[in-house]
Amino acid sequence: MSFRKIEPTELPGNIIDEVCNKWMLLSAGSASDFNFMTVNWGMMGELWFQPAVTVYVRHSRHTINYMENHDMFTLTALKPGHQDALNLAGSKSGRDIDKLKESGLTAAFVDGCPTFEEAAYTIVCKKMYASEMPPENFLDKEIFDKAYTDTDYHKMYIGQIVAAYVND
Ligand SMILES: Cc1cc2nc3c(=O)[nH]c(=O)nc-3n(C[C@H](O)[C@H](O)[C@H](O)COP(=O)(O)O)c2cc1C
């Protein structure tokens, strides 16, 4: 395992395919206490003159506590062959289990931020903006009704991409 710094524009693969179809891990916290979860809703591009990502975290997620309490977060694409870990991270809560142990993943840290030895690449982000997504702001009620059958709304976090690493 060797994380090599690249420019965000050099990220491998098709990011839409990576997020939507292959899924990524959102992680936040410190070396002594962090949490992670599978995500497949996210945006990546440029905002406020810099490369940026947006992630959407429902209030029920344990990960939201870590997103709230830390300035940084990472998005990690795993190498192929870790679908079981992605399934677990996307269905079990770090509130209830030792997610790292159960997933079989191995923690690694880049710039002090949590990621995994099994990473294909990791994007390190610094929170720039966080916002609730109030029901009254939805312009398409059908989308709202489909996404929110209860009141477990998302909070959005926009992060500046401060570094990107591929794992050779
Ligand atoms: C493919 C997939 C994508 C997901 N995307 C999101 C997402 O973008 N936002 C979110 O809040 N939850 C998402 N989830 C659900 C969380 O990953 C799941 O609830 C997880 O168990 C939360 O863990 P935590 O409680 O330890 O934070 C997704 C789950 C899967 C399987």
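This is a predicted model: local features need pLDDT of at least 70, side-chain atom pairs count only at pLDDT 80 or more; totals for chains, interfaces and linings use all residues.
Q: What makes the protein as compact as a globular protein of its length?
A: Let's start with the overall count: the protein has 5 helices and 10 strands. Its radius of gyration is 15 Å, and the globule rule gives 15 Å for 168 residues, so the protein is as compact as a globular protein of that length. Along the principal axes, the C-alpha atoms fill a box of roughly 45 × 40 × 30 Å.

Q: Why is D84 called exposed?
A: D84 has 11 other C-beta atoms within 10 Å, and the cut-off for exposed is 12 or fewer, so D84 counts as exposed. This residue is found in helix α3 (residues 83–89). The C-alpha atoms of D84 and S103 are separated by 7.3 Å, with the two residues 19 apart along the chain.

Q: Why is D111 called partly exposed?
A: There are 15 other C-beta atoms within 10 Å of D111. Exposed needs 12 or fewer and buried needs 20 or more, so D111 is partly exposed. You will find D111 in the loop between β7 (107–110) and β8 (113–116).

Q: What makes the phi of W48 and of D111 worth a look?
A: Most residues other than glycine have a negative phi. W48, not a glycine, has a positive phi near 55 degrees, and D111, also not a glycine, has a positive phi of about 50 degrees.

Q: Which residues touch the most other members of the largest nonpolar core?
A: They are L26, V53, L78 and C125, in a core of 39 residues. Strand β9 (residues 119–132) gives the most to this core, with 6 residues. Leaving out residues up to four places away in sequence, L26 touches F36, M37, V39, V55, T63, F73 and L75.

Q: How do you know which strand gives the most to the shell around the ligand?
A: By count: β3 gives the most, with 4 residues. Both β3 (34–39) and β5 (50–58) supply at least two residues of the shell. In total, 19 residues surround the ligand, and the closest are H62, T63, G90, S93 and G94. The shell divides into 6 nonpolar, 9 polar and 4 charged residues.

Technical notes: Residues are numbered from 1 along each chain as its sequence is written. A residue is near a molecule or strand if its C-beta atom, placed from the backbone, lies within 6 Å of it. Ala, Val, Leu, Ile, Met, Phe, Trp, Tyr, Cys and Pro count as nonpolar, Asp, Glu, Lys and Arg as charged, and the others, Gly among them, as polar. A nonpolar core is a set of buried Ala, Val, Leu, Ile, Met, Phe, Trp, Tyr and Cys residues joined through C-beta atoms within 7 Å. Two residues are in contact if their C-beta atoms, placed from the backbone, lie within 7 Å. The radius of gyration is taken over C-alpha atoms; the globule rule is 2.2 Å times the number of residues to the power 0.38.
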